[in-house]
Amino acid sequence: MKNIYLFYAIVFMSFLTNAQTVPNFLLKDIDNQMQSFENLKGEKLTLIDFWATWCKPCIKAIPKLNEIYNEYKEKGVNIIGINCDGPRSISKVGPMSKALSIQYPVLLNIDSDLRIDLDINYYPTLVMVNQKDEIVWIHEGYGHSDDKLIVEQIEKNLRDD
Amino acid sequence: MNNYYKSVQLSIFIVCFGSSLIAQLKGSNLGEFQYGRLPNDSTSVATVYDRIITNYSFGGFKTRAVVEDFEKGVQEEDYLKLSQFSVRFKKSPFELEVGNFYETIGRGILLRSFEVPGTILEDHSFRSRHYFHRNMLGVNASYKRSKTDIKIIYGKPLNYVFPPTIEKERRRPDEIAAFYIDYSLGKQTLGAAMITHTNGINSDNYLMMNASGSFLKSLSYYTEIAKNTSDHKLGDFTRNTPYGIYTNLNFSANRFGISLEYKNYNRFVIGAGINEPPAGIKEHTYSVLNRSAHVLQTDNETGFQFELFYTFLENSILTLNTSLAHNKQPNREFTFREYFAEYGFVLFDIIDTKFFVDFADDPFKLEHQRLSIGLNANWEILTRSSAEIGYQNQRFERLIQRVEYHVLFLDFQYSPKLSNNILYEYSNDPFLTNGEFATWLGAGIRYKLNRKNNLQIFVGNRRGGPACQAGVCYEVLNFKGVELRFYSRF
């Protein structure tokens with residue numbers, strides 16, 4: 001019975017709390033340079049794409065994210081790719097990112113601690129963050145026309161800003 | 001005493017409730033109900049697995065608690081445990097974490113932690129389910145600036161084979177203390193690590209050095225050399241010395257990328273397997289290839305991997321991969337070879353198509369002249385709805401037998417709400433069938449109720465066997481029945 005009360009208390013408190021925020025992280029990019037979230041985040045919105053080279057929907061999403069990045073980078077929106085490949089395939093991240101002409105920064109997170117920290121359980125997951133570093137939208141997976149959904153959310157959050 | 005506990009609980013609640021207005025309490029819950037048969041089950045069995053994660057942040061502090069629950073009605077296999085708990089304090093550039101944490105040194109030659117998202121593990125020997133991860137229990141202190149990264153680690157890595165029903169000493173038999181430092185000058189980084197490992201019986205020291213960087217925007221490299229320094233001279237890389245050497249060279253030009261890897265591992269299994277050097281073998285997502293992946297033998301393996309990507313205009317992608325792994329055993333030697341090609345393109349502007357061919361020879365697994373082919377086509381039917389069809393075939397010679405696998409799947413998606421799929425598999429592999437042939441038919445539905453909750457249902461027969469995900473290879477059990485999974489964030 002005590003556990004049930006505790007569970008309800010946790011759920012109840014979660015409604016009262018502020019939105020989840022993204023901590024300022026420091027990770028190396030594919031050119032071996034340390035980059036921080038603080039320096040890379042967009043003026044108004046930031047889209048963080050958690051992906052891996054072995055994940056087919058992640059690769060499918062990249063050309064569309066490139067288009068979105070080019071369309072919105074002047075409007076205060078930035079995209080950061082967080083690659084979560086482990087030791088087995090991390091060597092391929094650089095060549096693949098360059099072959100796919102990824103325009104936005106790609107950072108390497110070999111032990112996935114940022115993904116675990118934000119409780120991300122699916123590849124790809126797109127996390128939309130506002131200028132207060134609060135998570136305003138999370139989208140899991142990538143299918144046909146999901147780019148339209150992402151654009152809708154960007155527009156909505158830019159309007160709300 | 002009872003009043004004392006009540007007061008403590010009330011105090012905790014008030015503190016959490018009060019501070020919650022300026023803090024964050026977030027988390028998720030994964031619940032899975034299974035009703036069906038696993039290998040060696042004579043009747044269908046109902047099981048429930050649940051994992052609840054709570055993250056509580058306040059200023060620079062963060063606590064993370066993971067509670068896992070498994071109920072089957074068998075006392076030795078059921079449990080309800082706080083399986084992970086950590087307290088972290090972060091004030092840039094310092095970070096201190098006490099409890100359970102994830103840490104990898106370099107490319108995992110000395111130490112690797114991981115969590116395979118969404119995977120619940122069940123072993124042939126221990127019929128209790130638990131989340132698939134390998135973390136550390138101890139203390140992790142780090143200092144991170146743009147040029148310097150320093151880590152001091154003490155802890156006990158988890159041996160993930162053992163479920164939470166097994167006593168702590170068996171689940172965490174290894175104890176390590178490690179120090180890592182790297183320094184960057186421009187785009188070049190030099191690093192070094194020392195690690196002391198003990199399991200109560202043996203104690204070993206290891207030294208690792210790594211270098212990484214890039215030149216001219218098109219060339220990058222990573223190299224890591226590690227060895228046991230307990231009873232071996234620093235320059236000794238002979239057969240009796242445990243060592244690991246890994247090198248990777250990358251080249252990228254416009255729409256073009258190449259990755260070349262070299263590995264040389266000798267007697268390099270640390271403890272119960274707390275390290276995981278890069279395998280140097282491609283991790284495939286196609287099921288016939290994923291399940292026949294060569295598993296790295298860190299006890300003795302040398303080899304290389306070469307991969308090329310080329311993106312044509314209109315985003316067509318060509319991937320070519322070849323790898324070789326050579327294993328020396330006291331009386332025999334084995335050489336694994338693989339050649340893989342995949343081409344992804346858009347047909348008639350609406351059909352995403354992928355085609356692959358793979359040829360391999362794996363004498364270690366007695367799979368000779370292994371040829372695999374496959375085709376995937378995914379097209380948009382209406383706005384936000386798409387269909388996908390895929391077929392894969394694999395055939396190889398084992399001893400004097402010709403073994404075949406066929407995989408056919410259909411998928412329908414209404415993005416982002418609904419996804420349905422049907423998977424059919426056929427095999428005449430005597431290792432699986434005990435007869436002429438066997439078939440597996442399963443259907444799945446994934447429904448997103450809203451942005452915080454989703455539901456997955458599987459009905460049918462799922463083929464077991466080896467599987468590799470997120471770089472980690474493990475065994476999946478055959479399953480026949482119904483599986484319902486509910487995931488929610490709060």
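Let's start with a hairpin in chain B: strands β16(B) and β17(B) form it, with five residues between them. In that turn, Glu314(B) has a positive phi of about 65°. Please keep in mind as we go that this is a predicted model.

If you want a spot to look at, find Thr302(B), which stands opposite His326(B) in β17(B).

Let's move over to chain A. Here seven strands form an open sheet, in the order β2-β1-β5-β4-β3-β6-β7, and the pairing is mixed. The edge strands are β2 (34–36) and β7 of chain A, each pairing on one side only. On average, neighbouring strands in this sheet are turned by 35° against each other, direction ignored.

Strands β3 (residues 45–51) and β4 (residues 77–83) of chain A run parallel and are joined by seven bridges. Ile48(A) stands opposite Ile80(A) in β4(A).

What lies across β3 and β4 of chain A? That is helix α3(A), running at about 155° to β4(A).

Helix α3 (residues 56–72) of chain A also meets helix α6 (residues 146–160) of chain A: their axes come within 10 Å and cross at roughly 25°. The two helices are therefore roughly parallel to each other, and their crossing is right-handed. On the α3(A) side, the contact is made by Lys64(A), Ile68(A) and Tyr72(A), and α6(A) brings Asp147(A), Ile150(A), Val151(A) and Ile154(A). Sorted by class, the residues of this contact are five nonpolar, no polar and two charged.

Finally, how do the chains meet? Their contact takes 50 residues from chain A and 68 residues from chain B. On the chain A side, elements supplying at least two residues each include α3 and α6, our helix pair, and the edge strand β7. Which element gives the largest share of that side? It is α1(A), with six residues. By class, the side of chain A that touches chain B has 21 nonpolar, 20 polar and nine charged residues.

Notes:
Residues are numbered from 1 along each chain as its sequence is written. Chains are lettered from A and ligands numbered from 1 in the order in which they are written. This is a predicted model: local features need pLDDT of at least 70, side-chain atom pairs count only at pLDDT 80 or more; totals for chains, interfaces and linings use all residues. Axes are lines fitted to C-alpha atoms, for helices over the stretch in contact, and angles run from 0 to 180 degrees between N-to-C directions. Helices (H or I, at least four residues) and strands (E, at least two) are DSSP runs, numbered from the N terminus. Angles under 35 degrees count as roughly parallel, over 145 as roughly antiparallel, 65 to 115 as roughly perpendicular and the rest as oblique. A crossing is left-handed if the near helix is turned anticlockwise from the far one by less than a right angle, and right-handed if clockwise. Two residues are in contact if their C-beta atoms, placed from the backbone, lie within 7 Å. Ala, Val, Leu, Ile, Met, Phe, Trp, Tyr, Cys and Pro count as nonpolar, Asp, Glu, Lys and Arg as charged, and the others, Gly among them, as polar. Two strands pair if DSSP finds at least two bridges between them.
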